[in-house]
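I opened this model to go through its domains, its chain contacts and a few backbone details. The entries below are in the order in which I looked things up.

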There are 4 protein chains.
Amino acid sequence: MDGMNLGMSDRLKPVHEQVVRMVRDEIMPADEEFLAEIGRDGDRWSYTPRQTEILEGLKVKARERGLWNFWLTDSERGYGLTTVEYAYLAEEMGKAHLGAETFNCSAPDTGNMEVLERYGADEHKERWLAPLLEGRIRSAYLMTEPDVASSDATNVAMRCERDGDSYVLNGEKWWASGAGDPRCAIYIVMVRTPDGSRPKHEQHSMILVPSDTHGVTKLRPMTVYGDDDAPHGHMHLRFENVRVPASNLLVGEGQGFAIAQGRLGPGRIHHCMRAIGQAERALELMCQRALRREAFGKRLAELGANYDIIAECRMEIEMARLLCLKAAWMMDQGDRRAAAPWISQIKVVAPQVALKVTDEAIQMHGGQGISQDTPLARAWTHLRTLRLADGPDAVHRRQVARAELRKYTQQPL
Amino acid sequence: MDGMNLGMSDRLKPVHEQVVRMVRDEIMPADEEFLAEIGRDGDRWSYTPRQTEILEGLKVKARERGLWNFWLTDSERGYGLTTVEYAYLAEEMGKAHLGAETFNCSAPDTGNMEVLERYGADEHKERWLAPLLEGRIRSAYLMTEPDVASSDATNVAMRCERDGDSYVLNGEKWWASGAGDPRCAIYIVMVRTPDGSRPKHEQHSMILVPSDTHGVTKLRPMTVYGDDDAPHGHMHLRFENVRVPASNLLVGEGQGFAIAQGRLGPGRIHHCMRAIGQAERALELMCQRALRREAFGKRLAELGANYDIIAECRMEIEMARLLCLKAAWMMDQGDRRAAAPWISQIKVVAPQVALKVTDEAIQMHGGQGISQDTPLARAWTHLRTLRLADGPDAVHRRQVARAELRKYTQQPL
Amino acid sequence: MDGMNLGMSDRLKPVHEQVVRMVRDEIMPADEEFLAEIGRDGDRWSYTPRQTEILEGLKVKARERGLWNFWLTDSERGYGLTTVEYAYLAEEMGKAHLGAETFNCSAPDTGNMEVLERYGADEHKERWLAPLLEGRIRSAYLMTEPDVASSDATNVAMRCERDGDSYVLNGEKWWASGAGDPRCAIYIVMVRTPDGSRPKHEQHSMILVPSDTHGVTKLRPMTVYGDDDAPHGHMHLRFENVRVPASNLLVGEGQGFAIAQGRLGPGRIHHCMRAIGQAERALELMCQRALRREAFGKRLAELGANYDIIAECRMEIEMARLLCLKAAWMMDQGDRRAAAPWISQIKVVAPQVALKVTDEAIQMHGGQGISQDTPLARAWTHLRTLRLADGPDAVHRRQVARAELRKYTQQPL
Amino acid sequence: MDGMNLGMSDRLKPVHEQVVRMVRDEIMPADEEFLAEIGRDGDRWSYTPRQTEILEGLKVKARERGLWNFWLTDSERGYGLTTVEYAYLAEEMGKAHLGAETFNCSAPDTGNMEVLERYGADEHKERWLAPLLEGRIRSAYLMTEPDVASSDATNVAMRCERDGDSYVLNGEKWWASGAGDPRCAIYIVMVRTPDGSRPKHEQHSMILVPSDTHGVTKLRPMTVYGDDDAPHGHMHLRFENVRVPASNLLVGEGQGFAIAQGRLGPGRIHHCMRAIGQAERALELMCQRALRREAFGKRLAELGANYDIIAECRMEIEMARLLCLKAAWMMDQGDRRAAAPWISQIKVVAPQVALKVTDEAIQMHGGQGISQDTPLARAWTHLRTLRLADGPDAVHRRQVARAELRKYTQQPL
């Protein structure tokens, strides 16, 4: 293979152009009305008829245009896009609140669908994957628990015990993103299935739990800087004697980590791609504000350090995008171990850059910036979660450092 | 005078000790229940009986103990504390949600009471200052407007026209902090009273508007990163032909800026003192978490850069506190012009340091940090507003730079 | 064209491999001896026989292997490399003190040779370009002056007056890099040739001045943090009635800026590419030190924030390299105006990243780091000059901001 | 004691005023000529007659005026200044190259004199302390060694073996600051005197070695970013069978650490005070340049982010100074253990702030800034050494973090 092509492929260009236009002309304008509807009829955890109309309308249009399930890497059912190609689309989707869902490319569903595709039995695919691929239901991924440090995933403690043809689950999960959505039908759950004969990283399993299973209680939504993110929601759930068929266990006992690792690579980078789109949107708003608003007889752009701030934001975005594309390209080369430190790198960089750019855009907007009148504050709180989700920064920096030091030593690190 | 005493005076120590204990032992434990009550009976903009009981209970206790109106600088009715002395108390109050209000030292009331004290007529004092001093009503300060850059206060545009014995006000104000509170009875409003015969900084006036005046509409609460801060609230208000007696105008037409400047010095620094208290609280939570939580077989404290993070936070807090005390001391010297750049300095530094420390504390707490389960996320959003309130960072940095450069030139800057 | 290939081309790989090996195995080991020879026989501004032997020996080897003049973009005399391809080689050359010169790719000669190639008359090419291409002489580029702010190049003030068939130059230049070298035979000089009939950017010209012309005085070497960089040298020169043939003027009066702009693009990016190589070298030394040195019973790598520091350095280098490659790729597309903001971006980023990485490497080395015992301190001072050379950071950030804002306005910026 | 007085005492003011004036009017103007003389008569490691004249002339004047040995904390022979008072003087001394030495307050002599005063025998005082107090000789402190990580001082390895009435020393020391000075007559040397019966921190001793003792070889000056700092010098020394009388050992075997700790507190903070003076000087030069120099038709002050840069520098200096004064005040309280984390804090902060301010001043000066034409580049390299001298930043941050965490735990850290 000659070189490292990080540009847009010719085949992607027309698709990209369609996505750009649909995000800008149809989805962005719909966002505001959709968000204003939340809780309008008294329940923040259901969709109003108007919300359904907006969202499903967008989905139907996208699907009719063939703009659907871009993340699918096989070319039979999907476009067979490379990760690099997907990055260009994901960036655009990141610019609008309903961007990803319109094209059935939302987190955590894309990751969950990949899990079902790779590790699910035929009946799982039929029952859960099929409707997910069609955007008829949604899903959640239950990993984190309130009582343990999830940065070290071997801490996951939810009990899962075999009882005849069933497994019985007990414990709590939180930050179950999307579990607030009334359409969320299926949970993929990391559980502890201890077995003294297996090593430390084979003490956990992944199991499917329908959201309406007896014994599952939604304790509360976790709020993000005060925002409950309804109706999506990051739920705190309690499992009390939750019983599911033994066949719901994916692959086999002890395979939890193997499945999680496979899931996390693409999931992490998709978040990063969208974060870069959010950063671009924030810079755009910042520049427009800087040119429109006046104080002390000048445009804001011409005051103080604003040129420098704008320049810094542009430079950081460019670097983050290139790093993201490089990480995507590494994934496309097929060597997961070689790609891992690149994913860690972008997992650290993209949220921080997007947070910084968004924060500067907020500051340039004054009181409006922190308010509901721009998408900036909402974007910021979402981006802030990404410094913790799928591993906090510190863990990823550690991975990057170890990869670096291993070039020079064979001793353990 | 010999030297620059930034320490706690002997007379302050017993008072300080009482405040420390009351904040820690009585107010902090009450915060959580108080906050959980918001909106419990369906209306986020009123107090539940339990909330009233908690808050008024604390106030009664504080007042009985003589811990009340510390900000009052005259020694007849108050303690006659210096600004330096007040700083030590304000820091403690900043550590709890109900800290300042318990001792009748809340923003924006302290600033507003000072305005009424210095510039109010006797009838204003009787009607508004007296109940404010007793904590029976609350107040708001209406400055910022949605359509103009308030960083340049000469932009303030709300019309205020004389009509017989009245003034008639028309326009919009937003970020009227505290105007959501049902107890908020009086607004101090910056308005435009143009007069071609006066210079640019004498085109504005300050006028009192009772909150129940006909023509005042609460359009909506502004949210701060999604949080409406109910029932305090940062309200967006519309004034349509709001008519008040001409005697409600403070001092005289054209005196708006003079009054605002007098108000802002203490107001700004009180925010900074409390911000430092919030930073201390965040560092305390961070350390406790670092010692309590384990991952990879170690306490968090011993992982990665956490020692360095804790050290950096400690150093930045110490420096911010000292700078705040120095600014307070400058104010105590009585030369407002000399003190101004010091207030600008701490106005830039304190929120940024407190935001940084709080952000690191949040990161150390993982998902819990961004959630409702610690005071950290709420503190962060409040602190973030301080980088904009009473002048954005950029304006204050500009003031500091100009003061510096004026040492070397007499040309205009 | 399909995409944006930032990788190494297949044709480049064997050349790159040869350069990597020669830098690592032959040039790096020679650096130390070469540097230790400076001033050994009492004159810091000449080469000792051993220095000549080392340097010329390396050049002969490189040329015999065909590793010569990589910067030449035409494929007749050179490799016809793209800027992207050149970047990969320049990075390697940056790792050793004699790296660039060994392959006849030194600054400022490459830029000067391009000027002669594009704008020189045949006689200029014969007399100056030919020996430069063969590495027999060296050259300097005289732009900056002590009495004016060169960030605004219209300030350049050296007088250049026509007198019959000659031009006569008077004034001072400083930071004439390479003018200390006894082999430096030719200066390309920016001068002021005022003409009231031409616009502001056509008041300057570029003229060739042999270094031995009567009236040229080397006043002194400018030191960089105390280092005179002998025998290369950054000289402060005085021109008193320096007379050269009128034919030495390049292209025509008033073309100075046009020539300078053409020169600066490649020159700037070559500096950046080498800076990234220096950063890589510094990170390598840092990691080796972190693994080798012990304190408090542990390897330095395992102490404090060192993992995080190493990770940050790795991430910043990757981003800077990608941005540099992107800027190179933009230049290869042939639209100089479109490429300009990209060159400004990397001109800001590359030195800062390389300085940061080098500074961290120095800190990890303790006292050794700031001393003559590693290449780090020398690298740092060189890199520090790059934040000023060819335009200070502030000017380039301004260019980036203006390019950004122009997307949204057609008003002047 | 009431409060924490960080201001200038009344008794200090006239002295301070004299020091300010002498530094500004006599020492600063002399600096330039003094520095230009270095190496003028062919030997960088001796003083030219003119240098001697300048330096001794200043010393005589200072001493005649009673401006001498301010660091002496007893009020019989000195002023009996508090550390806070000394800080105000040290800041002024830091502004000029010859500032500290003029008043006999140079590093490392002040620290060495304190060692001799506290731990020296009468004969040591007579032979070494007396001439040091009079500024007739100078001294060096030999701690760091090339082969071990000195951040962990238990690594110090120079052998010191008893042989009859003598000790015999073997090994190497480097970064012996001041050992290049021909007047340097005495070394205080940390050596290893192993004794299996004593704990880890009692394996070292401190011993006096006259600089002309047989067996001492000056291998070379260590350079700091290429600068040899002649004739002061940071020397690399070899000790081969260096024999001194057994009575030269201070206090007793195993007391090395105890002595070093006592020495380091004041030594560290004196460096910090002077660093703040250097930062003030840099900011002054920055502002003057910003007002004097023009580009693009404006003063530099009005371009780009320069206002913000100036403001940031002012704020950081104020905070660093206050922290330094607080640390000094803590030392004055007499509890060394309580003061230790404060010294660590300012040891981290002061050099970093001064480096940052100096770097910004350099950038504002363009090429002139990095050159010999301002004191900035020289200041920068000196300040950079302070991030390593007397413990690298990382070690001090670690101390600060441990002090913080110990508030919440009694477990080992």
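My notes on the structure follow.

**Ground rules.** I am working with a predicted model, in which local features need pLDDT of at least 70 and side-chain atom pairs count only at pLDDT 80 or more, while totals for chains, interfaces and linings use all residues. Residues are numbered from 1 along each chain as its sequence is written, and chains are lettered from A and ligands numbered from 1 in the order in which they are written.

**Domains of chain A.** I looked up the division first: domain 1 covers 12-105, domain 2 covers 138-254 and domain 3 covers 260-405. These bounds come from an automatic or database domain assignment. I find the centres of domain 1 and domain 2 of chain A 28 Å apart, taken over C-alpha atoms. Six residues from domain 1 of chain A and six residues from domain 2 of chain A make the contact, where two residues touch if their C-beta atoms, placed from the backbone, lie within 7 Å. On the domain 1 side I note three nonpolar, two polar and one charged residues. For these classes, Ala, Val, Leu, Ile, Met, Phe, Trp, Tyr, Cys and Pro are nonpolar, Asp, Glu, Lys and Arg are charged, and the others, Gly among them, are polar.

**UniProt record.** I checked an unreviewed entry, which lists "domain: Acyl-CoA dehydrogenase/oxidase N-terminal" at residues 31-135 of chain A. Positions are in the numbering used here, feature names are shortened, and annotations may be inferred rather than shown by experiment. In the model, residues 31-135 of chain A are 57% helix and 0% strand. The unreviewed entry also gives "domain: Acyl-CoA dehydrogenase/oxidase C-terminal" at residues 254-403 of chain A; I find that span 80% helix and 3% strand, with its end C-alpha atoms 26 Å apart. Helices (H or I, at least four residues) and strands (E, at least two) are DSSP runs, numbered from the N terminus.

**Chain A against chain C.** I find 35 residues from chain A and 35 residues from chain C in the contact. On the chain A side, α7 (256-292), α8 (306-332), α9 (336-365) and α12 (393-405) each give two or more residues. α8(A) gives the most, with 11 residues. By class, I note 19 nonpolar, seven polar and nine charged residues on that side.

**Chain D against chain B.** A rotation of 180° with 0.0 Å of shift along its axis superposes chain D on chain B, at RMSD 0.0 Å, and that is the relation of a two-fold axis. I note Asn5(D) as having the C-alpha nearest the axis in chain D, at 2.0 Å.

**Strand β1 of chain B.** Is this strand buried or exposed? Five of the five residues of β1(B) (138-142) are buried, so the strand is largely enclosed by the rest of the structure. Buried means 20 or more other C-beta atoms within 10 Å of the residue's own, with C-beta atoms placed from the backbone.

**Backbone.** I find the peptide bond from Ala230(A) to Pro231(A) cis, with omega near 0°. Pro231(A) is in the loop between β6 (216-222) and β7 (234-245) of chain A. Asn69(A) has a positive phi near 50° and is not a glycine; Asn69(A) is also buried, with 20 other C-beta atoms within 10 Å.

Methods. Least-squares fit on C-alpha atoms with pLDDT ≥ 70 in both. Buried ≥ 20, exposed ≤ 12 C-beta atoms within 10 Å, placed from the backbone.
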